[in-house]
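Dear colleague,

Please find below the sequence and the structure that I am handing over to you. My account of what was found follows directly after them.

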Amino acid sequence: MVKANRLGKGRTLGFITLMLCGFLSAAAQDRIKIELNMGQERPRLAAPDFKAANGDPQTAPLNTVFNQTLWNDLDNAGIFDMVAKSFYPSQMPGQPSELNAKAWGDPPPNAGVITFGNLGVTSGKVDVQGWLYDVKNPGAPQILGKQYKEDATPDNARLIAHRFADEIIARLGSGIPGIAESQIYFVSTRSGNKEIWSMDYDGANQKQITKLGTIALSPRISPDGSRLAFSGLTRDSWQIMMYSMDLGRTVAFPRIAGDNFSPAWASDGTKIAFSSTMHSGLSEIFIADANGAGARRLSTGKGDVSPVFNPKTNGQIAWVSGRTGLPQIYVMDADGSNVQRMTDQGYAVSPAWSPNGLLLAFAWVRNYGPGVLGGSDIYLMDIASRQIIQLTHDGGRNDFPSWSPDGRHIVFQSNRTGNEQIWSVLADGTHLQQLTRQGRNSQPNWSFK
Amino acid sequence: MNKSTSNRIVVLGVLALLMVASGCKKKETAPPPPPPPKPVTATLSANPTSIEAGQSSTLTWSTENATDVALDGNKVDPSGSQTVSPTQTTTYHLTAKGAAGTQEATAQVSVAAKPTPTPTPAPTPPPVTDDQLFAQMVKDVFFDYDKSDLRPDAQQALAQAAQVIKQKGWRVQIEGNCDERGSTEYNLALGERRADAAKQALQQAGVGADALKTISYGKEKPQCTDSNEDCWQKNRRDHFSLLH
């Protein structure tokens, strides 16, 4: 399923080369798997539906929403081996006293851990109790016990499920927080022109954010989630614009000469990189303070765009340049020095740096040439070794990958269904999901947390 | 009749014949009458025989044995030619007088009605606005895939456009565009290169940098939305707008 390939430059005798390639390919896969925080040992998790705690008319519908959301969150997390529901014992526990641990721990379920609980609506409030138990540790089985109470709405049922799922994932997933409460920002045409929209990480709750009325592109949410940078078309130029998520409106940002687009945040929120024609009339990479002041030019290419910081260090920037013809991915230090070209063929665009700083996701028409136009797929590159694996194989044009905060998921745009929509996939290529269906949707950007 | 009578008649006849013969010879001595006058001839032709008003035709004539030749009453040489420009159909008369009399010849030059334009009331030309003139003189230029080099025909078109832009003192926005393939962001950068290529060409042809502004629309403003090369080519262009 996952192909590994090598971009090596060395030439050796055929036999040795073959051996070496085989070895490096396998090594690359393993290395990338480790870097994705998706280890081999996945907890085997059972997640029976929560029980309805009472007969309130709202209880059953909200419980359905809750159960679906919780299952999806755990399944999507990519770190569990979910026990199929067909293996479950007939008795579903609603609280610890109802749990028959042995029935869950023995085959066929053979679960290692189980989450269970109950949900009830009383006086317009939804009340949820949830537990996580280690089935194989009868002495001290409880890993987690949580209670939530909110106004009884479907949105709150979903929110509680997300929060509880994130607790479980954080506890069982090497301490890396879950992403169930993260947001994805994207461009949608559904209002008639391109505006920035947001949605929950699973595609629920899609909302329009900007109302620019012209063209809004390239949304990039700030690390703390308070400000959304994007490129907006004004009467006479493209400008970096800033939308305050707290105030719910566009706020002042310095107007810069020329065209300015494709903003990117440093992960500490203090800097913004972007592409600007202010200096030469051609697009070059600039870096400025988060308030837009003190812009400095970093690159001197012709057609430089799509910068992205290494979020681990903020000491490097990856970007796209057409300086040698077709666009390729480059990396430089954040002061503009030490430029390295990362791809050496095809049409390579839209780099996205993984949260742990070790991988680049990008879109690539790898074998660009007459007759093979149009097939763009998402690839992952291990920066240290330059090993590359292909993530999408399903046709169409796949572009604009963006990493989930936990580094286990990638969201991207694809026209595989005929028009541009947003999809997510686990970074090992599984769990492909379509998140948008209305209008044309593109340029997804996953929040930092 | 008797024989003796018939003999007498024969003799008398012979005598008579002799007498006639001798009498004729004697008349040659009379004065000769004046020779009869030679006949007068006259010809007249027009070439061409039909013209439009304002054009001319050549009349050519010749006469024989005429002492007095006139064309429409004006004395002319016995033979000759003359250019005429009648404004309406005219018959020309040549009169040749001589001892033997008078001869006349005629030639007609017909004048065709000129296809005069129907008299339009005050033929004022429609006013050409700057926008119309701009659209006429400063046309889109097109590019190859992922390229921003101007093709030779575009170079030429821009050199000509530059003259009008300079002469009119126009300010121009150059808008770089791309086809739908490839990334949204990279296409913005590519569009900048295309706009800049036209800007450089116009500057080289003498247009001031202040009169030129560039913007890239990337693949955001296609003028054609099909997914084929025809359409893609239409979208890989610089479009020019007159700034007011």
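I begin with chain B, where Pro48(B) lies in the loop that links strand 1 (41-47) to strand 2 (50-52). The peptide bond joining Asn47(B) and Pro48(B) is cis, with an omega of about -5°. Please bear in mind throughout that this is a predicted model.

Chain A also contains a cis peptide bond, between Pro107(A) and Pro108(A), with omega at about 5°. Pro108(A) sits in the loop between helix 3 (101-105) and strand 5 of chain A. As background, most peptide bonds are trans, and most residues other than glycine have a negative phi.

Asn65(B), although not a glycine, has a positive phi of about 60°. Its place is the loop between strand 3 (57-64) and strand 4 (68-71) of chain B. Asn65(B) counts as partly exposed because it has 18 C-beta neighbours inside 10 Å. Asn338(A) likewise is not a glycine and has a positive phi of about 60°. This residue is found in the loop between strand 21 (328-333) and strand 22 (340-341) of chain A. Is Asn338(A) buried or exposed? With 10 other C-beta atoms within 10 Å, Asn338(A) is exposed.

Chain B as a whole may be summarised briefly. Its secondary structure comes to 5 helices and 12 strands. Of its 244 residues, 29% are buried. Among the contacts in chain B between residues at least 6 apart in sequence, 67% join residues at least 24 apart.

The axes of helix 3 (residues 152-168) and helix 4 (residues 184-204) of chain B come within 8 Å and cross at roughly 60°. Helix 3 of chain B is therefore oblique to helix 4 of chain B. Their crossing is right-handed. Helix 3 of chain B contributes Gln155(B), Leu158(B), Ala162(B) and Ile165(B) to the contact, while helix 4 of chain B contributes Ala198(B), Ala201(B) and Leu202(B). By class, the residues of this contact are 6 nonpolar, 1 polar and no charged.

The buried residues of helix 2 of chain A include Leu62(A), Val65(A), Phe66(A) and Leu70(A). Among the elements that cover the buried residues of this helix are strand 5 (113-122), strand 6 (125-134) and helix 4 (154-172) of chain A. Just after helix 2 of chain A, Gly78(A) takes a positive phi of about 80°.

The axes of helix 2 and helix 4 of chain A come within 8 Å and cross at roughly 35°. Helix 2 of chain A passes helix 4 of chain A in a right-handed crossing. The contact between these helices has 12 nonpolar, 2 polar and 2 charged residues.

Finally, how many residues of chain A are in contact with chain B? There are 31 residues of chain A in contact with 18 residues of chain B. On the side of chain A that touches chain B, the elements giving two or more residues include strand 11 (216-221), strand 15 (260-265) and strand 31 (441-446) of chain A. By class, that side of chain A has 12 nonpolar, 14 polar and 5 charged residues.

Yours sincerely

Terms used:
Residues are numbered from 1 along each chain as its sequence is written. Chains are lettered from A and ligands numbered from 1 in the order in which they are written. This is a predicted model: local features need pLDDT of at least 70, side-chain atom pairs count only at pLDDT 80 or more; totals for chains, interfaces and linings use all residues. A residue is buried if 20 or more other C-beta atoms lie within 10 Å of its own, exposed if 12 or fewer, and partly exposed in between; C-beta atoms are placed from the backbone. Helices (H or I, at least four residues) and strands (E, at least two) are DSSP runs, numbered from the N terminus. Two residues are in contact if their C-beta atoms, placed from the backbone, lie within 7 Å. Axes are lines fitted to C-alpha atoms, for helices over the stretch in contact, and angles run from 0 to 180 degrees between N-to-C directions. A crossing is left-handed if the near helix is turned anticlockwise from the far one by less than a right angle, and right-handed if clockwise. Ala, Val, Leu, Ile, Met, Phe, Trp, Tyr, Cys and Pro count as nonpolar, Asp, Glu, Lys and Arg as charged, and the others, Gly among them, as polar. Angles under 35 degrees count as roughly parallel, over 145 as roughly antiparallel, 65 to 115 as roughly perpendicular and the rest as oblique.
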